[in-house]
Amino acid sequence: MPIDPAAAITITAYDWVPDFARGQVRDLRVRWALEETGQNYAVRYLSQGQQKEAAHRALQPFGQVPTYEEGDLTLFESGAIVWHVAERFPGLRYDGASGAERVAGMAVCRAEHSGAADHGSGADDDF
Ligand SMILES: N[C@@H](CCC(=O)N[C@@H](CS)C(=O)NCC(=O)O)C(=O)O
């Protein structure tokens, strides 16, 4: 994982998550986008309740994670952050002609990137 305390991008996450929510906290979406695009990022961990303090609400008015900071830019809402990462860095978007082609192209790119294309059944080798 490209976590680097000195990275230009900082996201927020919790330093403690109850069992039922492990793996579900929405910083996962942002981490995924950053990892898929190969971007190093730092993580600022918040303790229980710290998300509601004024310092964090200045970044996320609803007192939630994740947030994204890069220079003067601060973003919240995981969907908006993922969109920004896809616009900012190559690797998530596929600029095909139509919406369906873009999605199909993205699926192939992701499969190749993850190595899945090398480990398939072979049945769809012409795909
Ligand atoms: N729509 C927001 C939802 C963010 C959200 O629900 N964050 C949760 C963790 S998954 C949170 O920080 N909850 C703590 C709280 O609301 O006090 C997003 O996608 O970023």
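How many nonpolar, polar and charged residues make up the shell around the ligand? The shell divides into 3 nonpolar, 5 polar and 2 charged residues. Here Ala, Val, Leu, Ile, Met, Phe, Trp, Tyr, Cys and Pro count as nonpolar, Asp, Glu, Lys and Arg as charged, and the others, Gly among them, as polar.

Before going on, keep in mind that this is a predicted model, where local features need pLDDT of at least 70, side-chain atom pairs count only at pLDDT 80 or more, and totals for chains, interfaces and linings use all residues. Residues are numbered from 1 along each chain as its sequence is written.

**Around the ligand**

The residues surrounding the ligand are Val25, Arg26, Gln51, Gly63, Gln64, Val65, Pro66, Glu77, Ser78 and Gly79 (a residue is near a molecule if its C-beta atom, placed from the backbone, lies within 6 Å of it). Let's look at a few of them. The peptide bond from valine 65 to proline 66 is cis, with omega near 10 degrees. Proline 66 sits in the loop between helix H2 (54-57) and S3. Glutamate 77 belongs to the loop between S4 and H3, and its phi is positive, about 80 degrees, although it is not a glycine. Glutamate 77 counts as partly exposed because it has 16 C-beta neighbours inside 10 Å (20 or more other C-beta atoms within 10 Å of its own make a residue buried, 12 or fewer exposed, and in between it is partly exposed; C-beta atoms are placed from the backbone).

**The overall plan**

The protein chain has 4 helices and 4 strands, and from the N terminus on its elements run β-α-β-α-β-β-α-α. Helices (H or I, at least four residues) and strands (E, at least two) are DSSP runs, numbered from the N terminus. Of the chain's 127 residues, 15% count as buried.

**The sheet**

The 4 strands form an open sheet in the order S2-S1-S3-S4, with mixed pairing; two strands pair if DSSP finds at least two bridges between them. At the edges are strand S2 (42-46) and strand S4 (73-76), each pairing on one side only. On average, neighbouring strands of this sheet are turned by 20 degrees against each other, direction ignored. Strand S3 (residues 67-70) and S4 run antiparallel and are joined by 4 bridges. Threonine 67, for instance, stands opposite phenylalanine 76 in S4.

What about its partner helix? The axes of H1 and helix H3 (residues 78-88) come within 9 Å and cross at roughly 5 degrees, which means H1 is roughly parallel to H3. For angles, under 35 degrees counts as roughly parallel, over 145 as roughly antiparallel, 65 to 115 as roughly perpendicular and the rest as oblique. Axes are lines fitted to C-alpha atoms, for helices over the stretch in contact, and angles run from 0 to 180 degrees between N-to-C directions.

Here is who makes the contact (C-beta atoms, placed from the backbone, within 7 Å):

| Helix | Residues in the contact |
|---|---|
| H1 | Arg29, Val30, Ala33, Leu34 |
| H3 | Ser78, Ile81, Val82, Val85, Ala86 |

By class, this contact of H1 with H3 has 7 nonpolar, 1 polar and 1 charged residues.

Arginine 110 lies in helix H4 (residues 99-114).

How values were computed:
Contact = placed C-beta atoms within 7 Å.
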